[in-house]
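These are short notes for a colleague opening this model for the first time. Please read them with the structure on screen.

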Amino acid sequence: MATPASLAVEKIASMPEYVKEFKKIYGNDGVTFDNIADAIATFERTLLTPSKFDKFLEGDTRALNKKEQEGLKTFIDKGCTACHTGVNLGGSMQAFQVAAKYKFANIGDFKGDANGLVKTPTLRNIAETAPYFHNGAIWSLKDAIKEMGSVQLGIEISDKEAASIERFLHTLTGKKPSITYPQFPKATEKTPKPEL
């Protein structure tokens, strides 16, 4: 989260409850930056949302019905996998507005990083995460698919093709994990305060 390593250690080590838990898990090493990173990574690995598509990838050819498989084929054939790759179907840094200008580009003042690159969003659970794009200007998944065809691929995706791709994207909606939120320890007098 861009917190300097020394500050992260200082914050966590300032709270006796955290110190106790870190010693219980990591032994005498206790609170170190590597152990903080490991604890966060361990938690993040629990945030999986297995879906029909995962079963399909594992070899269950019946996990997706014929229409969903056709949608996957359209997704691949149209070139969506140029950016939406890997287990999460996204996550790499890519140029935005490669072939055309995003029709709502003037809303939100978003330019990407210093090189104009943006993080390709994961498509996991995409059917549940409207509105779409950095500024939330598009509410329909079908419209978002068509806009990506134009903006990123320089192609027109028909209503029929967008509906087919959307059918596939719904297979990425997964089972959500049960999360019990912990009661975090209170800050102490030694806990570093934010600088204004």
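1. Phe43 is partly exposed, its relative accessible area being 44%; buried means under 20%, exposed over 50%, and partly exposed in between, with a 1.4 Å probe and protein chains only. Phe43 sits in helix 3 (residues 33–44). Helices (H or I, at least four residues) and strands (E, at least two) are DSSP runs, numbered from the N terminus. Between Phe43 and Ser178 there are 135 residues in sequence but 12 Å in space, C-alpha to C-alpha.

2. This is a predicted model, in which local features need pLDDT of at least 70 and side-chain atom pairs count only at pLDDT 80 or more, while totals for chains, interfaces and linings use all residues. Residues are numbered from 1 along each chain as its sequence is written, and side-chain values use heavy atoms, with hydrogens and water left out.

3. On confidence: pLDDT is the predictor's confidence in each residue, from 0 to 100. The protein averages 89, and 99% of the residues score at least 70. Confidence is lowest in strand 1 (residues 93–95), with a mean of 82, and highest in helix 7 (residues 159–169), at 97.

4. Helix 5 (residues 66–77) and helix 7 have axes that come within 7 Å and cross at roughly 110°. That makes the two helices roughly perpendicular, a label for angles of 65 to 115 degrees. Axes are lines fitted to C-alpha atoms, for helices over the stretch in contact, and angles run from 0 to 180 degrees between N-to-C directions. The contact (heavy atoms within 4.5 Å) involves residues of helix 5 including Leu72 and Phe75, and residues of helix 7 including Ile165 and Phe168.

5. Leu89, in the loop between helix 5 and strand 1, has a positive phi near 55°. At 8% relative accessibility, Leu89 is buried.

6. The loop between strand 2 (117–119) and helix 6 (141–153) holds Pro131. The peptide bond from Ala130 to Pro131 is cis, with omega near 5°. Phe133 lies in the loop between strand 2 and helix 6, and has a positive phi of about 75° although it is not a glycine. Phe133 is partly exposed, with 22% relative accessible area.

Technical notes. Parallel < 35°, antiparallel > 145°, perpendicular 65-115°, else oblique.
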